[in-house]
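The following paragraphs lead through one protein model, from its overall order to individual residues. Please keep the sequence and the coordinates in view while reading.

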Amino acid sequence: MKVLLTMSLLVLLGGCATSSPDVIQRGDAQRMSEVIDATVLSVRPVTVDGSQSGAGAAAGGVVGGIAGSSVGGRRENAVVGVLGAVVGAVAGNAIERMGTQEEAVEILVQLRNGSRRAIVQAKGNQTLLPGDAVVLVTTGGKVRVTRALR
């Protein structure tokens, strides 16, 4: 039961991180951004790889160690506890990585001066298509693409 609860918590916490163009970080609010006009050339789906901060492995190792140490007699406790910690760490790491993966899009745009740029961002509420007029909004070194107002 403890293992399930801990792993569920890891997945939920991992889901909090996003690169969605519809979510603005608190530190980026009320900051002036650079805006550049562009036209969408292509859009393709991609997956942003999940993170491996070590928190999943650490939590999984602790839970696995505790669960394993409660099995059998005194001698078995230590051996099974170590094995449980190793298995828990591997499982926790995999769960964290899968829980923080993000479906995204790679948007290739052409700027008005003819140069091209590629931006990867999480899928947002807008569906962008080749030929759409867009703006690139750069704030604090991060770029997001959104449909231009007509």
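Read from the N terminus, the elements of the protein chain follow the order α-β-α-α-β-β-β-β. This amounts to three helices and five strands, where helices (H or I, at least four residues) and strands (E, at least two) are DSSP runs numbered from the N terminus. The model is predicted: local features need pLDDT of at least 70, side-chain atom pairs count only at pLDDT 80 or more, and totals for chains, interfaces and linings use all residues. Residues are numbered from 1 along each chain as its sequence is written, and side-chain values use heavy atoms, with hydrogens and water left out.

The strands form an open sheet of five with the order 3-2-1-4-5 and antiparallel pairing; two strands pair if DSSP finds at least two bridges between them. Strand 3 and strand 5 (142–147) each have a single partner strand and stand at the edges, so one side of each lacks a neighbour in the sheet. From one strand to the next, the twist averages 45°, with axes taken as lines fitted to C-alpha atoms, for helices over the stretch in contact, and angles running from 0 to 180 degrees between N-to-C directions.

Strand 2 (residues 102–111) is joined to strand 3 by seven bridges, and the two run antiparallel. Strand 1 and strand 2 are also antiparallel, with 10 bridges between them. Leucine 108 of strand 2 illustrates both pairings: serine 42 stands opposite leucine 108, and alanine 118 is the bridge partner of leucine 108 in strand 3. The hairpin of strand 2 and strand 3 has four residues between the strands, and there glycine 114 adopts a positive phi near 95°.

What does the interior contain? Buried residues (under 20% relative accessible area; exposed means over 50%, partly exposed in between, with a 1.4 Å probe and protein chains only) account for 29% of the 150 residues in the protein chain. In soluble globular proteins, nonpolar side chains tend to be buried together. A nonpolar core is a set of buried Ala, Val, Leu, Ile, Met, Phe, Trp, Tyr and Cys residues joined through side-chain atoms within 4.5 Å. The largest one here has 11 residues, among them Ala38, Val40, Val105, Ile119, Leu136 and Val145. Strand 1 (34–48), strand 2 and strand 4 each supply at least two residues of this core, and strand 2 gives the most, with four residues.

Leucine 136 has contacts (heavy atoms within 4.5 Å) that include Ala38, Val109, Leu111, Ile119 and Val145, leaving aside residues up to four places away in sequence. Among contacts in the protein chain between residues at least 6 apart in sequence, 68% join residues at least 24 apart.

Glutamine 121 belongs to strand 3 (residues 116–122) and counts as buried because its relative accessibility is 5%. The side chain of glutamine 121 reaches the backbone nitrogen of valine 145 at 2.8 Å. Glycine 131, by contrast, lies in the loop between strand 3 and strand 4 (133–139) and is exposed, with a relative accessible area of 53%. Beyond residues up to four places away in sequence, glycine 131 touches Thr39 and Val40. The C-alpha atoms of glycine 131 and valine 40 are separated by 5.2 Å, although these residues are 91 apart along the chain.

Note on methods
A polar contact is a pair of N or O atoms within 3.5 Å; within protein, one must be able to donate a hydrogen and the other to accept it, and residues adjacent in sequence count only if both atoms are side-chain atoms.
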